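Visitor: I'm new to this structure and would like to learn how to read it. Could you walk me through it feature by feature?

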Amino acid sequence: MASIVKNVVHWSTHGQRLKQQAQVAPVVDLCEICGKKPKYIENGRKHPYCSRSCARNGSGNSPTACVLSGCRATGKPAFANFCSDAHARDGVRLGQVDPCQFCQVQPRIVGMMCIACDRLVQAGPRLRELNADHKTFKNLRAQFLSEWESSKGTPGFEKVFEVILPSDIRQRHEKYRSSHPTFQEVRSFHSSQCICDLGTKEASLCNFKSCGICTIVKSSFRQFAFGANFNSGRFGDGIYSYRNPALADRHATSCTTSPYRVMIACDVLVESGQTDLDEGSEEESLFVPVSDAILPAYIIMYTA
């Protein structure tokens, strides 16, 4: 009898332990493509797939036909349910799906981006050269030249690199915008010394601490040349930019091997009073106290 009671107690305790383990067992967020492995975490950010190879090759648990009209091949989540990279691009070109916010070529899969651009953005700021026929290139050139006011004449507008920023930087900017609902976002220009060969070989940022342009873009205005944390000016320590690019040009210097001068086109959130100052005045500079209020949007290569 004692043996039976002992066994009953043993199994009761064992059952309670199993129940407790089941209660504390973590919920695993599985890959949306294969449904078998945990989602891939990179730099603290969880991707919808378990691995890049799965994202490229997987077809998911419930295969369906490619969404491109007339194609009967199996669609893949990695290509937004198209069967291939080529058909995914065709789907964007034909207007079947919205394009990636950045590349404008592949369909949106991760938020507003395709998988490739999502990975690129998470890695840090990157540059993409715009073709002279690109609408954004033309609009930026028109704005740059129309805002340029100087007795030295009109500069030559040569190249534009779009700055692709990590999502966390954009999120901080949006948070700052939400906390200052009366502020206006305007286009301004900022320049500094550029000691690398930016724009002459490839679209990449250098690692020289003395290169003001690359340091600013890589840190999104959290750091300046030689490790400085801010600009100094009439309004105190912070960040200064200009509506008139000719005023920003006074701070532009370039290395002797580059034929270009370099300037950053910015999106800056300021109080409405700052945008009402008389043009041509020294006070045309726009001041913000924190980096979350300003984003490096484009890098302009010009001659003056």
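Predicted model: local features only at pLDDT ≥ 70, side-chain atom pairs only at ≥ 80, totals over all residues.

Visitor: Let's talk about the inside. Which residues touch the most other members of the largest nonpolar core?

Guide: The general idea is that in soluble globular proteins, nonpolar side chains tend to be buried together. In this model, the largest nonpolar core has 34 residues, and Leu127, Leu198 and Ile299 touch the most other members. At least two residues of this core come from each of β4, α6, α7, β10, β11 and β12. The element that gives the most is β10, with six residues.

Visitor: What is isoleucine 299 in contact with, leaving aside its neighbours within four places in sequence?

Guide: With those neighbours left aside, its contacts include Leu127, Val160, Phe161, Leu198, Ile213 and Val262. Lysine 159 is also one of the residues that isoleucine 299 contacts.

Visitor: Now the aromatic rings. How do I read a pair of them?

Guide: A pair of aromatic rings is described by the distance of the centres and the angle of the planes. The count for this model comes to 11 aromatic pairs. Take phenylalanine 137 and phenylalanine 157: their centres are 5.3 Å apart with 80° between the planes, which is an edge-to-face pair.

Visitor: Where do phenylalanine 137 and phenylalanine 157 sit in the chain?

Guide: Phenylalanine 137 is in helix α5 and phenylalanine 157 in strand β4, 20 residues apart, and the pair links distant parts of the chain. Phenylalanine 137 is buried at 3% relative accessible area, and phenylalanine 157 is buried too, at 11%. Both belong to one aromatic cluster, together with Phe144, Trp148, Phe189 and Tyr302.

Visitor: And cysteines? How many disulfides are there?

Guide: A disulfide is a covalent bond between the sulfur atoms of two cysteines. The count here is zero. Cysteine 83 is in no disulfide, and the nearest cysteine sulfur, that of cysteine 71, is 3.7 Å away. The cut-off is 2.5 Å, so a pair of sulfurs has to lie within that distance to count. Cysteine 214 is likewise in no disulfide; for this residue the nearest cysteine sulfur is that of cysteine 196, 3.7 Å away. Cysteine 83 is buried at 16% relative accessible area, and cysteine 214 is buried at 0%.

Visitor: Is glutamate 162 buried or exposed?

Guide: Glutamate 162 is buried, with 13% relative accessibility. This residue is found in strand β4. Its side chain makes a polar contact with the side chain of arginine 128, at 2.3 Å. Beyond its neighbours within four places in sequence, glutamate 162 is in contact with residues including Phe102, Leu130 and Tyr298.

Visitor: What does the side chain of threonine 215 reach?

Guide: The side chain of threonine 215 reaches the backbone oxygen of cysteine 211 at 2.8 Å. Threonine 215 is in helix α7 and is buried, at 11% relative accessibility. Not counting residues up to four places away in sequence, threonine 215 touches Phe208, Lys209, Gln223, Phe224 and Ala225.

Visitor: Back to helices for a moment. Which residues of α3 are buried?

Guide: Ala88, Gly91 and Val92 are buried in α3. They are on the same side of α3, because they cover an arc of only 100° around the axis. After α3 comes glycine 95, with a positive phi near 80°.

Visitor: Which residues have a positive phi although they are not a glycine?

Guide: Asparagine 81 is one of them, with a phi of about 70°. Asparagine 81 lies in the loop between α2 and α3 and is partly exposed, at 35% relative accessibility. Phenylalanine 226 also has a positive phi, of about 65°. Its place is in the loop between α7 and β7, and phenylalanine 226 counts as exposed, at 63% relative accessibility.

Conventions:
Residues numbered from 1 in each chain as written. Heavy atoms only, no water. Buried < 20%, exposed > 50% of the residue type's maximum accessible area, 1.4 Å probe, protein only. Phe/Tyr/Trp six-rings, centres within 6.5 Å; stacked < 30°, edge-to-face > 60°. Helix = DSSP H or I, 4+ residues; strand = E, 2+ residues; numbered from the N terminus. Core = buried A, V, L, I, M, F, W, Y, C linked by side-chain atoms within 4.5 Å. Contact = heavy atoms within 4.5 Å. Polar contact = N/O pair within 3.5 Å; in protein donor to acceptor, adjacent residues only side chain to side chain. Arc of directions from axis to C-beta.
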